[in-house]
Amino acid sequence: MSFTLDTPLALIKKIDKARQKALKKLNLKTIQDLLFYFPTRYEDLSKIIKISQIKPGGEATILGQILFLENRRSPRQHIQITEGLIADSSGNVKVVWFNQPYLKNYFKKKTNYLFHGKIEYSQGLTLQITSPSYEIYKKNGIHTGRIIPIYPETKNITSRWLRYFIWPNLRFVYKVKDFLPAEIQKRQNLIPQYRALWQIHFPDNFYNLKKARERLAFDELFLIQVFAQSQKIAWQKNKAFKIKFDKELIKKFVQSLPFTLTNSQRIAAWEILQDLEKERPMNRLLEGDVGSGKTVVAAIAALQTISLGYQAAFMAPTEILAFQHYKTITEMLKNQKIKIALLTHSAIKIDHKNIKKTELIKKIKKGKIDLIIGTHSLIEEKVKFKNLAFVIVDEQHRFGVEQRASLVKINRNKKVPHLLSMTATPIPRTLALTFYGDLDLSVLTEMPKGRKKIITKIVEPQDREKAYHFIWQEVRAGRQVFVVCPRILGEGKLEIKTVEAEYKKLKNEIFLDLKIAIMHGKLKKEEKEKIMENFMAKKIDLIVSTSVVEVGVDIPQATIMMIESAERFGLAQLHQLRGRVGRRKEQGYCFLFTDSASEKTRQRLDALLHSENGFTLAEKDLELRGPGEFYGTKQWGLPDLKIASLTDYALIKKVKSETEKLLQTDPELKKFPQLREKLGKFEKLVHLE
Ligand code: ADP
Ligand code: MG
């Protein structure tokens with residue numbers, strides 16, 4: 001049988017049931033999977049020393065023969081002990097293993113083995129090597145006498161077994177098709193992929209390991225970049241309406257606002273209006289902290305669009321948010337003679353009056369509605385526009401590939417709308433470059449003047465009662481409160497606060513006279529919305545919730561955000577939660593509770609007390625915790641990075657520039673069939689998520 005990279009592992013080797021299950025758990029199905037199952041770390045067992053030179057305290061690798069081995073039970077009979085002597089030409093040393101009695105018959109006489117283990121004193125002053133790993137001595141050992149890989153393990157699968165399993169299969173690295181164009185490899189001084197794959201598993205030395213990591217990190221980032229930039233190219237093949245920038249109109253509107261725009265708002269609006277003038281459709285992300293004033297920037301662009309007779313749409317992730325936008329934007333544009341409609345699952349309005357959905361759909365199709373605000377309902381099949389030229393998507397992490405594709409069909413004349421996505425999630429620049437390679441970015445870096453600082457405090461356990469009392473007083477004065485916990489229900493670990501438990505406690509023991517509600521992701525969308533509605537209508541004083549409250553609702557009277565087990569959240573996430581309260585003239589408070597005494601936790605939470613800048617906090621988060629947690633790449637529907645670091649700005653820039661060069665000369669990758677094939681697989685993966 002001839003093997004390919006897709007050959008199931010079970011066909012290349014007999015694997016027992018338990019291990020088969022474990023392999024499945026590790027998501028290792030084929031040879032290909034195995035080759036790309038990278039070690040998490042390495043141990044340098046390459047230096048072999050003479051037995052006469054070993055010293056207690058550290059670990060050592062020695063080369064010797066077993067003189068004898070015996071089994072006995074420990075004095076209390078609990079443990080099987082195998083002990084004996086290892087000798088080389090310089091001397092001998094005692095060796096001990098526990099609960100592996102079969103080892104007694106494993107070692108052959110007069111045969112050289114490598115041993116690696118801890119050197120300790122046994123009784124008295126004799127030294128012993130404890131539970132060493134072992135291997136028959138040969139030139140290419142895999143468990144000792146070299147730099148050995150340590151893999152992520154699971155029950156029934158050890159690193160030792162993986163080494164034993166992976167080593168013979170490394171011959172298949174030659175079958176992996178190298179998708180990175182040769183020219184780029186040369187320019188970037190990268191080693192061939194087969195060599196990198198070999199060296200990442202069994203490096204000859206640390207220099208080679210470094211080169212292997214460099215190559216594989218480059219590959220990872222390169223694929224993402226090519227994917228993102230190809231998306232961009234594909235999107236830009238569409239045609240959009242050209243919307244001429246009418247400076248007079250915009251100036252007048254800006255002057256009519258009850259506030260002065262911040263500098264970043266001006267710049268962002270200008271960038272967007274520039275994009276709208278082009279026939280090439282815009283795809284831009286407007287990033288700005290909660291309260292930085294993204295809505296008005298979007299409204300300016302919408303006004304420009306509509307004033308030329310085109311339609312615009314504003315899409316929000318929830319009904320409440322859509323309704324809130326409907327209210328504020330109607331107010332903002334009230335002197336502009338614009339027809340604005342609301343379209344969500346449960347509310348359909350024009351001029352604040354309810355109308356039938358079919359009616360509204362008809363009007364949209366005829367172009368009688370200029371601006372339509374709503375949830376995802378507004379890009380349903382049924383809804384057809386006369387000339388939709390501009391779409392705003394609020395608080396959606398990003399506009400998915402599919403949704404974008406659906407927009408392509410939305411106008412009868414085949415034109416696509418310009419796209420503006422908005423987010424309050426601060427995305428560090430390296431991340432934006434990597435995962436948002438297909439988007440242009442506008443960032444609101446400053447807050448409108450006169451914003452009150454939210455008072456943030458870490459509350460010590462002994463001050464909990466005081467905090468409760470303060471909260472109670474605030475509620476009495478008409479304010480509202482969020483209590484956020486990391487989990488819904490208890491799962492083993494007692495120190496992590498749960499929504500269910502806190503809800504019961506607050507309701508039955510602490511705030512007997514307050515109206516308390518519970519909210520979390522397991523509730524139906526409608527239930528969550530109902531609770532938020534009641535909260536907004538002040539029928540509820542306090543909501544105990546998971547971080548689902550994170551996304552954009554403005555509750556005027558909510559002034560306190562209390563976060564339990566705060567160490568469980570990312571900094572950027574805590575910052576966003578904090579941004580939920582104190583959005584009006586009343587002073588806002590954010591109380592952080594933690595039972596963790598660790599120095600690292602303190603450091604992290606302290607950062608929150610000292611910074612109000614979401615970007616700074618996000619960068620810090622990325623540095624301290626890595627991207628996995630809060631920036632789970634899953635959020636972007638992209639596979640995890642195994643080798644590349646998202647804090648490596650230099651590398652990311654290099655990859656980006658190479659990708660751009662490549663796609664400029666060959667946008668369809670006609671000359672690179674292997675890259676095209678790889679990209680196809682990658683795309684499938686993205687769609688599967
Ligand atoms: P976000 O960026 O979180 O969506 P919003 O657009 O909801 O923020 O704006 C928050 C509040 O700030 C709104 O009440 C808005 O009217 C107000 N606002 C926006 N820009 C300014 C500004 N330049 N000066 C003062 N207030 C502003
Ligand atoms: Mg907003």
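Biologist: What does "buried" mean here, and what is the relative accessibility of arginine 215?

Modeller: Buried means under 20% relative accessible area, exposed over 50%, and partly exposed in between, with a 1.4 Å probe and protein chains only. This is a predicted model, in which local features need pLDDT of at least 70 and side-chain atom pairs count only at pLDDT 80 or more, while totals for chains, interfaces and linings use all residues. Residues are numbered from 1 along each chain as its sequence is written, and side-chain values use heavy atoms, with hydrogens and water left out. Arginine 215 counts as buried because its relative accessibility is 0%.

Biologist: With which residue does aspartate 178 form a salt bridge?

Modeller: A salt bridge is a side-chain nitrogen of Lys or Arg within 4 Å of a carboxyl oxygen of Asp or Glu. For aspartate 178, the closest N and O atoms of the pair are 2.7 Å apart. The partner is arginine 215.

Biologist: How many residues apart in sequence are the parts that this pair ties together?

Modeller: Helices are DSSP runs of H or I with at least four residues, and strands are runs of E with at least two, numbered from the N terminus. Aspartate 178 lies in the loop between helix 4 (159-169) and helix 5 (182-187), whereas arginine 215 lies in helix 7 (residues 206-236), so the parts tied together are apart in sequence by 37 residues.

Biologist: Is arginine 476 buried or exposed?

Modeller: Arginine 476 meets aspartate 513 in a salt bridge (2.9 Å, N to O). Because its relative accessibility is 54%, arginine 476 counts as exposed.

Notes
Chains are lettered from A and ligands numbered from 1 in the order in which they are written.
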